[in-house]
Amino acid sequence: MTGVTLPTDLAPVSATTRVVVCAPEEIGDVAAGVVATVAPDGVLGVATGSSPLALYAALIRRRTEGLATEGLRLFALDEYVGLPDDDPRSYAAYVRSVIAEPLGIPAAHVRVPSGSTAADAAAYERAIAEAGGVDLQIVGIGRNGHIGFNEPGSDADTRTRVVTLDESTRRANAEHFDGDLARVPTHAMTQGVATILAARRIVLVASGAAKAAALRSALLGPVTADNPASFLQRHPDVTVVADPDALREDR
Ligand code: F6R
């Protein structure tokens with residue numbers, strides 16, 4: 001790790017949250033070191049989006065070096081409503097091509113939320129329970145503090161359900177839809193805050209100044225549905241792996 005020091009006001013954030021500050025190019029490897037502890041056959045909760053891409057690349061590298069990943073079982077955090085799972089912009093396609101296939105995980109061991117009904121959501125919760133719960137959940141953080149697609153206003157007791165995406169979230173993801181906001185789905189099925197907090201361990205990865213306000217208030221601010229990531233303060237085992245920009249105080 002480089003000589004980056006933890007900003008003094010972040011050390012320690014809480015007895016149950018470790019913050020590892022590292023250079024942006026080290027985030028993937030450092031986070032993969034934590035995630036690798038659930039191999040060879042743990043239940044891994046996976047986020048999509050850009051934040052964990054380097055983490056997945058580092059896990060794939062570790063597989064070439066001998067880490068057994070084929071027995072992992074995967075549960076995704078969320079999925080757009082209305083995109084078929086063979087649509088390349090779907091999170092099902094992301095999980096398949098970026099995580100499962102390169103890690104040698106068979107399709108039968110990969111679950112992504114699908115459908116749009118309360119029964120579909122309940123079936124997803126049941127599938128997680130039947131797998132014995134999530135051993136380690138990877139999360140990113142939205143600029144508005146969302147985890148999964150639990151937008152501000154999502155409370156601690158929420159479970160898997162269909163949500164309306166905030167316009168800011170759809171704007172942030174429009175680049176995957178030819179930059180056209182109108183094409184970004186308006187709804188998603190997401191694990192709830194309570195679903196995420198039920199994981200035994202959580203690893204949050206974040207980089208870049210755009211995440212700083214949300215991440216700092218999640219770590220240091222009040223626990224509130226206004227910033228759903230702040231509920232992570234209530235979890236007994238959270239590791240945050242972030243670069244200095246993602247933790248920097250506004251000046
Ligand atoms: C993705 C997810 C979202 C993202 C968040 C950050 O499965 O649940 O919460 O983690 O929107 O996205 P990126 O990493 O693309 O900035």
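What volume does the second largest pocket have? The second largest pocket holds about 360 Å³. Welcome to this predicted model, in which local features need pLDDT of at least 70, side-chain atom pairs count only at pLDDT 80 or more, and totals for chains, interfaces and linings use all residues. Residues are numbered from 1 along each chain as its sequence is written, and side-chain values use heavy atoms, with hydrogens and water left out.

**The two pockets**

- A pocket here is an open set of points on a 1 Å grid over the protein atoms alone, where a 1.4 Å probe fits, with protein on both sides within 12 Å along at least five of seven lines; lining residues have an atom within 4 Å of a point.
- The second largest pocket is lined by 23 residues, and Asp85, Ala92, Arg111, Val112 and Ser114 lie nearest its centre.
- About 840 Å³ of space lies in the largest pocket.
- Of the 38 residues lining the largest pocket, Gly49, Ser50, Ser51, Asn173 and Lys211 are the closest to its centre.

**A look at His235**

- You will find His235 in the loop between α7 (212-220) and β10 (238-242); helices (H or I, at least four residues) and strands (E, at least two) are DSSP runs, numbered from the N terminus.
- His235 has a relative accessible area of 2% and is buried, a word that means under 20% relative accessible area (1.4 Å probe, protein chains only).
- The side chain of His235 has a polar atom 2.5 Å from the backbone oxygen of Ala199, and the side chain of His235 also reaches the backbone oxygen of Leu197 at 3.4 Å.

How values were computed
Buried < 20%, exposed > 50% of the residue type's maximum accessible area, 1.4 Å probe, protein only. Polar contact = N/O pair within 3.5 Å; in protein donor to acceptor, adjacent residues only side chain to side chain. Points joined across faces, edges and corners; volume = space filled by probe spheres on them.
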